[in-house]
Amino acid sequence: MAAKKVLVTGAGGFIGHHLVKRLKKEGYWVRGVDLKYPEYEPSAADEFEILDLRRWDNCLQATRGIEEMYGLAADMGGMGFISKFHAQILHNNILINTHSLEAARINGIRRYLFSSSACIYPEFKQTDVHSPALKEEDAYPAQPQDAYGWEKLVTERLCMHYREQFGIETHVVRFHNMFGPLGKWEGGREKAPAALSRKVAVAKLKGEKSIEIWGDGEQTRTFCYVDDCVEGVRRLMDSDFHGPVNLGQDRLVSINELTDMIMKIAGVKLEKKHVPGALGVRGRNSDNTLVRKMLGWEPKVTLEEGLARTYTWIEGLVKARLAEGKPIDS
Ligand code: NAD
């Protein structure tokens with residue numbers, strides 16, 4: 001029997017690249033699409049096309065001959081990025097997702113998975129470091145903090161309506177801070193685990209005594225390792241459950257605690273200098289009742305283990321960069 005043909009958009013990015021590897025291991029025929037190739041190792045995809053999915057013609061090209069599609073392409077980044085470039089993010093992501101979904105319909109794609117985000121949850125439910133874990137129904141009444149979250153919420157609804165009106169099997173997953181090796185670690189779009197790993201590695205290798213932390217560091221989040229993310233995504237795509245569903249760790253840690261864990265892995269003790277920076281909501285946790293019930297999913301990789309793998313990868317890159325004498329973000 002011929003292998004099932006799947007499309008991963010955003011396949012040059014962090015989660016998309018890991019997902020392509022997993023799909024290939026499972027025997028799928030995979031087309032990857034992105035504005036760029038993966039930065040740190042070649043893609044495992046059978047076919048990789050450089051396309052701009054804001055463009056309708058490019059979306060039609062990307063979706064030809066495909067049975068199942070994972071929509072991961074987005075103009076996104078960490079808090080520093082998504083709290084700043086609202087117009088760009090809203091404009092680009094609306095075009096990417098609206099054109100992708102319609103092209104998928106026109107080309108007869110049967111199953112479509114959309115990567116939404118914990119950023120869709122209302123700001124007013126996340127004002128305390130110990131805010132209650134967010135259940136899926138907490139999304140409404142809606143008040144996401146940033147344009148990034150508003151677009152994700154509207155596209156969730158677009159997926160629901162396409163399923164109702166056109167019968168395309170859409171699945172919606174809400175990621176809560178995924179991390180791991182082969183993700184962005186510098187340049188302004190990286191997220192907290194990668195940014196902190198880089199800062200600790202730079203300070204360690206340069207013999208510096210302190211690193212900068214945005215805000216008081218008491219803001220809380222959960223962090224989920226990328227292998228667990230990919231496992232959840234695969235389970236959702238193969239299920240008859242449409243979501244939206246949370247996918248993330250439910251172990252809450254503060255940014256200060258996360259930093260201490262990374263320093264322990266690195267074998268250094270550095271002073272944390274608290275400086276102004278983009279913070280996002282005060283506290284956010286994932287209620288995993290629904291994902292456990294519907295997909296039998298639990299995160300398997302502990303935060304310590306995931307951070308150790310991530311830190312080791314980033315320290316290697318920092319070491320290589322310093323040896324070349326090239327500049328590096330501190
Ligand atoms: P990423 O930035 O590493 O990957 C996204 C990819 O989309 C990038 O490679 C980018 O080049 C590509 N892209 C952007 N604009 C494009 C365009 N016009 N045409 C084609 N490709 C384009 O991000 P990621 O962490 O891998 O996230 C994947 C998806 O999951 C995104 O939709 C993101 O919003 C969502 N998400 C991620 C997290 C997380 O913690 N990583 C959390 C919530 C939601």
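The charged end of Lys5 sits over the ring of Trp29, 4.6 Å from its centre; a charge sits over a ring if NZ of Lys or CZ of Arg is within 6 Å of the ring centre and within 35 degrees of the ring normal. The charged end of Arg105 is likewise placed over the ring of Phe166, 4.3 Å from its centre. This is a predicted model, in which local features need pLDDT of at least 70 and side-chain atom pairs count only at pLDDT 80 or more, while totals for chains, interfaces and linings use all residues. Residues are numbered from 1 along each chain as its sequence is written, and side-chain values use heavy atoms, with hydrogens and water left out.

**Aromatic pairs**

- Rings of Phe, Tyr and Trp (its six-membered ring) pair if their centres lie within 6.5 Å; planes under 30 degrees apart count as stacked, over 60 as edge-to-face and the rest as tilted. By this rule there are five aromatic pairs.
- Tyr40 and Trp313 form an edge-to-face pair, because their ring centres are 4.9 Å apart and their planes stand at 85 degrees.
- Tyr40 lies in the loop between strand 2 (29-34) and strand 3 (47-50) and Trp313 in helix 10 (residues 303-324), so the pair ties together parts that are 273 residues apart in sequence. Helices (H or I, at least four residues) and strands (E, at least two) are DSSP runs, numbered from the N terminus.
- Tyr40 counts as partly exposed at 30% relative accessibility; buried means under 20% relative accessible area, exposed over 50%, and partly exposed in between (1.4 Å probe, protein chains only).
- Tyr162 and Phe166 also pair edge-to-face, with 4.9 Å from centre to centre and 70 degrees between the planes. Both lie in helix 5 (residues 147-166), four residues apart, about one turn of the helix.
- Tyr162 is buried at 10% relative accessibility, whereas Phe166 is partly exposed at 39%.

**Domains and their interface**

- The protein chain is divided into domain 1 (5-178 + 224-247) and domain 2 (181-222 + 252-286 + 301-321), with bounds from an automatic or database domain assignment.
- The centres of domain 1 and domain 2, taken over C-alpha atoms, are 25 Å apart.
- The contact (heavy atoms within 4.5 Å) takes 35 residues from domain 1 and 30 residues from domain 2.
- Domain 1 and domain 2 bury about 2,700 Å² between them, 56% of it on carbon and sulfur atoms. Buried area is the accessible area (1.4 Å probe) that two parts lose on being put together, summed over both.
- Tyr40, Val129 and Tyr225 supply 26% of the area that domain 1 buries against domain 2, more than any other three residues.

**Salt bridges**

- A salt bridge is a side-chain nitrogen of Lys or Arg within 4 Å of a carboxyl oxygen of Asp or Glu. The count by this rule is 33 salt bridges, and two are found across the interface of domain 1 and domain 2.
- Asp75 forms a salt bridge with Arg189, with the closest N and O atoms 2.7 Å apart.
- Arg54 and Asp52 form another, with the closest N and O atoms 2.6 Å apart. Arg54 is partly exposed at 30% relative accessibility, and Asp52 is buried at 17%.
- Lys204 and Glu315 meet in a salt bridge of 2.9 Å, N to O. Lys204 lies in helix 6 (residues 192-206) and Glu315 in helix 10, so the pair ties together parts that are 111 residues apart in sequence.
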